[in-house]
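Biologist: Could you take me through one part of this model up close? I'd like the loop first, then whatever it leads you to.

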Amino acid sequence: MATKKKAAGLKIKLVKSVIGCKKDQIATVEALGLHKVGDIVVQPDNDQTKGKINKVCHLVEVIAD
């Protein structure tokens with residue numbers, strides 16, 4: 001019997017509001033799937049996601065599992 005392997009992902013939490021941020025930063029936060037402060041999403045662990053996190057690192061935090 002094959003066992004299912006859990007997909008590797010990054011848990012990302014929005015910790016600061018996007019009010020007053022540049023439009024490209026707001027768009028990046030929305031592209032990550034975050035809407036309100038305190039929202040947590042799981043995104044795939046790849047270079048694109050890490051680049052988005054790097055762009056808005058002052059607004060989000062990555063939660064270790």
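Modeller: Val37 sits in the loop between helix H1 (23-31) and strand E2 (40-44); helices (H or I, at least four residues) and strands (E, at least two) are DSSP runs, numbered from the N terminus. Bear in mind that this is a predicted model: local features need pLDDT of at least 70, side-chain atom pairs count only at pLDDT 80 or more, and totals for chains, interfaces and linings use all residues. Residues are numbered from 1 along each chain as its sequence is written, and side-chain values use heavy atoms, with hydrogens and water left out.

Leaving aside residues up to four places away in sequence, Val37 touches Leu14, Val15, Lys16 and Ser17, where contact means heavy atoms within 4.5 Å. Val37 and Val60 are 23 residues apart along the chain, with 9.3 Å between their C-alpha atoms.

Now the sheet. Three strands make an open, antiparallel sheet in the order E2-E1-E3; two strands pair if DSSP finds at least two bridges between them. E2 and strand E3 (60-63) are the edge strands, each pairing on one side only. Strand E1 (residues 9-14) is joined to E3 by four bridges, running antiparallel, and Lys11 stands opposite Ile63 in E3. Helix H2 (residues 47-55) packs on the sheet and touches E1, E2 and E3, its direction making about 20 degrees with that of E1; axes are lines fitted to C-alpha atoms, for helices over the stretch in contact, and angles run from 0 to 180 degrees between N-to-C directions.

Back in helix H1 there's Thr28, which counts as buried because its relative accessibility is 10% (buried means under 20% relative accessible area, exposed over 50%, partly exposed in between, with a 1.4 Å probe and protein chains only). Beyond residues up to four places away in sequence, Thr28 touches Lys52, Lys55 and Val56.
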